[in-house]
Amino acid sequence: MDSSEQEKVDGDIGVEKKKDKTANGYGGDGGEPKGTASSADQDSGDFYDVEIEKSNGEKEEKPLQESKEESTSISSKTEEFNDKEITINSPKIYCNARNHYLPAIKSQAHLPKPDPPATPRVERSQSLSIAETMPSIGKYISDRSSSFSAAIVRRLSSWKEDNGDLVVKNDSLNLEVTEFHIPGVKVIVKLKSEAERLGLDLKGRISFFTRSNCRDCTAVRHFFREKGLIYVEINIDVFPKREKELIERTGSSQVPQIFFNEKWYGGLTALNELRNSGEMQVKLREMVGERCPEGAPPIPVYGLDDEEEEDDALLETVRSLRKTLPIQDRLIKMKMVKNCFSGVDLVEGIMDHLDRGRKKSVITAKLMAQKHFFHHVFGENEFEEGNHFYRFLEHEPFIMGCFNYRSSTNDSEPKPASFLADRLSKLMFAILEAYTSDDRLHVNYSGIDRSEEFRRYLNVARDLQRVNMKLLSPNERLALFLNLHNAMAIHAVISIGHPEGVLDKRAFFNEFLYLVGGYPYSLNIILNGTLRRNRTSPYSFFRPFSKGDRRLELAPPKLNPLIHFGLCNGTRSSPAVRFFTADGVESELRCAAKEYFQRGAIQFNMEKRTVYLTRIIKWYNEDFGTEKDILKWVMKYLDSTQSGLLAHLLADDGHINIMYQDYDWS
């Protein structure tokens, strides 16, 4: 710590120093610097601080001079010690030791001034060893640390009493840590939990059953977090087999249900009664003061899959075809196509394996294509017998870039698309509740990566490889693609990190792929190809889908511009991360837009008649209409203050300047 930083700290903890410069830059003018002594030194008169600094180079020895000033000044002294020179000037000492502050006693004016002690010259041969000086250095460091800590405590206490500039920041992801920001000093204090403050020795277990996206469950979770009580949450959307246990213990599947050890206490209403009774510590000591017995709800077991997989009925035939078909590279339409086979060979292979006629074998081949075991090499048809060529899904050139692909395709029976969409949303809701801040603007990616919820989400993502997306309703597809985009963004940050440059953005938005329904999807394809109905992305001239791409069949019937406020890409300027339900996706998108604009996506300068809009609207202006239409459209999603300002600008039909805010990619 250099002298300027030390002076700043001393100023913050109430130590006042007077510093004057002479011609040489360091001398004092004999004034009386004021100081604050620690409680241990209050009987020794006034104090001030002395700073020790390094001296640059060798200096000539200066003779000892007696001061002719009053007793408020201290005589300068020069010593040569082991090739080191120590120059003592009131109120500072400069030497080539490490920078420290030493308490120095100011002489009393009413006492006679003593003669300066004789300072023997220390020769090189008489120099003291480092070992002899270490005890005094250690004592100094210990004394100084105690004084400094006491000064900080006194300063904090005085600021708390005077309501000064004491800023207390609670980390929503760790409620046991509080930060105090003081000018020049940063103190991090770990708060005691409720049990520690009340002197409770809780040896038992608090556990409760929950579901994802449940307000009452969120209230119970926040209550225990605020109290600093350790609990076990059993989310039956994450662990579906635990629902049966919940019904057996309580006679109902309603949540939340709270257990203290093996005793069922009730839901949110019972918890509120306990809190309002004023006897919470007594009840807690009674219910969880003893070790948890075996009859309590067990802690969820992580790393085990409790969902059974069923092999596809056609899997045995497909495995046989993978081994027997003549799969090879072919030149087709002046293009080299790798690892393909002909439709004729496929039909004959099915006939030989199943001992069926040609007609039934063609039907079987079409069923395999519908389940996405293979595709036409150019996407021209599902399956037709003749001179057409196909390729197994695991041989597609994009397959190795898919992050939900694990060395082989998922050959189990495809689960219903509606079930997977619902399962994905519930798992991601559980992740939001456990690993994001209350405003969803801060995400604990490392915690998500290690969580059981994310591991199970990856299993669901793998189940999407051959799902039939056409069976979903328009609202179900809209909610699924919104949720999939935001879940992929979280997965991309965990796997490849935040995009920092142009190449990183390309990898993040275009090359991070999922295999969904037999086809590859990136963040760019989901947004611009599917949700925006195959429109070009900003600063691009090419559409995501070519003519005849089967992924176009999954695009919504009409473009909804609100999608831009429901999609999060992991950057500071993007909307907060959220997930959607199929039943309420339209209303949830409207809430997302209102939240985004109220968070600063629109600002006003009434003097210059200027409106500052989020740059998202500029990038996708064709989705919102003309600039005047944009302002009228935006007004529906503003609060009363914002809408009043905008209505005032629109009322007089004058010219309104529209500018766009900078986008923060960090």
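**Entry 1**

I started with strand E19 (residues 602-605) and strand E20 (residues 610-613), which run antiparallel and are joined by 4 bridges. My terms: helices (H or I, at least four residues) and strands (E, at least two) are DSSP runs, numbered from the N terminus, and two strands pair if DSSP finds at least two bridges between them. Ile-602 has Leu-613 in E20 as its bridge partner. E19 and E20 make a hairpin with 4 residues between them, and Arg-609 in the turn shows a positive phi of about 50°.

I then followed E20 to its other partner in my notes, strand E21 (residues 657-660): 4 bridges join E20 to E21, and the two run parallel. Val-611 stands opposite Ile-658 in E21.

A note on the source: this is a predicted model, where local features need pLDDT of at least 70, side-chain atom pairs count only at pLDDT 80 or more, and totals for chains, interfaces and linings use all residues. Residues are numbered from 1 along each chain as its sequence is written, and side-chain values use heavy atoms, with hydrogens and water left out.

**Entry 1: the E13-E14-E16-E15 sheet**

Next I looked up an open sheet of 4 strands, and I read its order as E13-E14-E16-E15 with antiparallel pairing. Its edge strands are E13 (328-332) and E15 (374-376), each of which pairs on one side only. From one strand to the next the twist averages 55°; for angles, axes are lines fitted to C-alpha atoms, for helices over the stretch in contact, and the values run from 0 to 180 degrees between N-to-C directions.

Helix H9 (residues 343-354) packs on this sheet and touches E13, E14, E15 and strand E16 (389-392), with its direction at about 20° to that of E14. Contact here means heavy atoms within 4.5 Å.

I zoomed in on E13 and strand E14 (residues 335-342), which pair in the antiparallel sense over 4 bridges. Lys-335 in E14 is the bridge partner of Ile-332. In the loop between E13 and E14 I found Met-334, whose phi is near 65°, a positive value in a residue other than glycine. I noted it because most residues other than glycine have a negative phi, and most peptide bonds are trans.

**Entry 2**

Strand E11 (residues 257-260) and E12 run antiparallel and are joined by 3 bridges. Phe-259 has Trp-264 in E12 as its bridge partner. In the loop between helix H5 (242-250) and E11 sits Pro-256, and a cis peptide bond joins Val-255 to Pro-256, with omega about 0°.

**Entry 3: H13 against H14**

How do helix H13 (residues 452-463) and helix H14 (residues 474-496) cross, and at roughly what angle? I found that their axes come within 12 Å and cross at roughly 115°. Phe-454, Tyr-457 and Leu-458 of H13 make the contact with Leu-484, Ala-487, Met-488, His-491 and Ile-494 of H14. By class the contact has 7 nonpolar, 1 polar and no charged residues; Ala, Val, Leu, Ile, Met, Phe, Trp, Tyr, Cys and Pro count as nonpolar, Asp, Glu, Lys and Arg as charged, and the others, Gly among them, as polar.
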